[in-house]
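Please look over the sequence and the model before reading on.

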Amino acid sequence: MNKPKQNGHSSRANSIKQNGHHRNGVPWGVEWDSSLPLPTLFFPSAAGVVFLFAVSCFVNSYQGDFVFDDSEAILSNTDLKPSTPLSDLFVHDFWGSKLDSKTSHKSYRPLTVLTFRWNYVLSGGAFPMSFHIVNILLHGLVCVLMLAVFSLVLSGYSNNREGRWMFGAPKASLLCAVLFAVHPVHTESVAGIVGRADLLCALFFILSFLCYIRSCCQDVLYQPNDTLCCPKTFSLGWFCLSMVLCGLSVLCKEQGITVIGICSVYDIIVICKIDVLRLLRLKTSGKNDSEGFPSNNKQNLSGEWFKSLCVRHLFLVITGVSILVARWRIMGSAPPVFQVFDNPHSFVNNTLLRTLNYNYLYALNCWILVNPWWLCFDWSMGSVPIIESFSDPRLLAVMALWVGIAFTMHSACVRLTGHELRLLIMALTLMIVPFLPASNLFFRVGFVIAERVLYLSTAGFCILVVMGICKLQQSFPKLSTSYLLVFLVSIFMIRSIQRSNDWKTEMSLFTAGSKTCPLNAKVHYNIGKLNSDLGNIEKAIRKYRLAISLNPEYDQAMNNLGNLLKDQGKNQEAEQLLLKAVEIRPDFAAAWMNLGIVQAALKKQSESEQSYHEALRHRRKYPDCYYNLGNLYLDMKQHQMALNAWRNATLQNPNHLNAWSNMVILLDNLEKLEQGELVGKEAIKHFPNDPTPYFNLANVVGKANRYKESEQYFLKAIQLSGKAPVAKMYANLGVLYHRWDKPVEAERAYRKALELEPSSPAVVQNLQMLQRKYGKNSNSQ
């Protein structure tokens, strides 16, 4: 058979050894490439093609908003602001909360947050476009690097005569990379800004893997014959760089530590070509043979290559343990606490049923890779009902999963040998190992299914697809797979573009989610919340009620629905909902505060006070609760208690304008003008460009008969009010002039107030009093 040229090299270069991995004298990957109807490209050209595919599928997301988790990770995260000390990023979790907080998810990703901060600073604020563009470009870069990974997996590592790495199996590698680039399951990681954690993790993950291979294969050069050259030494520098990059990957997302497992398997299976299955068969048969080792290393296990392999794995273990210990200590030596609705399958009491539920979730993850039309932004709550009995028909999916695994293992043990076997093992390793942190096997995770965790696992899936296509082409030579490849890539691209459009706005994202997962209470809750923000109150109420009907324990939906009913004056129903919410979650501070507001409206002042104090017990820093507590004390005529509560609100949040205003107004009414003036001037320091503090201070100073000073504050308040000044300001200014004995200015102010609010009886009455005192037309004076 004539060997095709690879990357335009001469025919002599075709005999170059590719790390000794040959099959019948043909280098790894050549027999695969020969069956694929694709052009043979140099690596730079192939990289350009892959980058173009990767960007074109998701480029429409650059106009998207901040959606779903983006709001909490970016808009509400003070760690992104330049005023926040940079050191805070390394003591806070991904969402900006302290890692030792009970509510923290313990997601420690400071490098990802740092890139968000760079975006924030360089774009001059939280503008979504710059964040999206970075995500799109990162995905393109990851896909280019993944092209090199596919080459190394499909054809092994080899250098040419000049010691430069050769791009092996260019056709198969290109197809794998293109499938990876356009797979719709990546949409969440690319179009969702918080998905940058997965992109950065994958970037450092791949770089760590490539550096590890470089450290092991630095001496694997051109060989004049077909002998194997297992590495007897390795580069400590490249190895250390690989482990540093592994650490950086973990600082982007926890999944990065799995690169250690990938490096280990690649070292054993591909670099050293150890046939693990044959070794196991020999061991079980009681034979003492070295057939499981490379053909030219059938010495003993004390060979230099084996010692080097053991040393490398010792260092891998030390690195992995060190990262895990450091990670455990950083998160406060305690795992995150998740609620039942976050991951209900992990709370099943029966061990066997819980195991079956986990296996069903694994089957669903595989199905999402195969059929990426079934996608949703959130899979919690009722999206995937729990398997509660052994008669559940969904157990057939579990059986199908394990039948597939058994068939694969049988093929690996009986039918496949050499290159095909190693390729299958690497494909499964790339598919399974990065998924392990999300498998619930080692610890409970905070989700049922998350498409973002499949970002790296998709690489193994793509290799399996390409293997299948190559096998199909080899088994049926007359069958052209060109149409199949075009269809597969096209359908993936169409779905990726469509899914990217879904991620542009929250409304489109949530609406699409309700179609995929109609039983997901959280999806309907989010639609309700969004409609509430848009003023569509009736639709919001319907969606909240639907969410509660799907999940009767949904305390957050009860809290939000209670608020809307309170605003509609339906306080009795609101109180019942909020009481149930705090019964379900006794430490739900917001629900306790809202319950206090409703009880105050129902004149249940004692119960309201208790609810407010309960809210403050669960959340000590709660300025809004102190503000509402002050309002309650005002209604109860406990003026000093009201002032103390409002003062606590301003101490915890100096920008709480309503608390400042209430203090000044109450001190004014109590004739404590000196205290009111001090508080008013303090409020102006915090709100120099807001008219309200100037207006309040003007009233206090005017009551102290300091008319000129009061006039200045009134005019400043009117000036800051812009084009729509409040009628009340002119009315009070008129009262000031009236008392100041300036009838012309007083009448002018009164008439201006009446222009803005013609139906104000107080202004009409004051104007009539002015006219009786100074004549019908005071302007003539």
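Which helix gives the most to the nonpolar patch? Helix α5 (residues 128–155) does, with three residues, helices being DSSP runs of H or I with at least four residues, numbered from the N terminus. This is a predicted model, in which local features need pLDDT of at least 70 and side-chain atom pairs count only at pLDDT 80 or more, while totals for chains, interfaces and linings use all residues. Residues are numbered from 1 along each chain as its sequence is written, and side-chain values use heavy atoms, with hydrogens and water left out.

**Nonpolar patch**
- Phe51, Met129, Ile133 and Leu137 make a nonpolar surface patch of about 330 Å²; such patches take residues with over 30% relative accessible area and no salt bridge, nonpolar side chains (Val, Leu, Ile, Met, Phe, Trp, Tyr) being joined within 5 Å.
- A salt bridge is a side-chain nitrogen of Lys or Arg within 4 Å of a carboxyl oxygen of Asp or Glu, and accessible areas come from the Shrake-Rupley method with a 1.4 Å probe.
- Phenylalanine 51, which lies in helix α2 (residues 43–58), counts as partly exposed because its relative accessibility is 31%, the class between buried (under 20%) and exposed (over 50%).

**Isoleucine 271**
- Isoleucine 271 is found in helix α10 and is buried, with a relative accessible area of 0%.
- Cysteine 216 and isoleucine 271 are 55 residues apart in sequence, yet 8.0 Å apart in space, C-alpha to C-alpha.

Conventions. Patches are made of residues with over 30% relative accessible area and no salt bridge: like charges are joined within 9 Å, nonpolar side chains (Val, Leu, Ile, Met, Phe, Trp, Tyr) within 5 Å. Helices (H or I, at least four residues) and strands (E, at least two) are DSSP runs, numbered from the N terminus. Buried means under 20% relative accessible area, exposed over 50%, partly exposed in between (1.4 Å probe, protein chains only).
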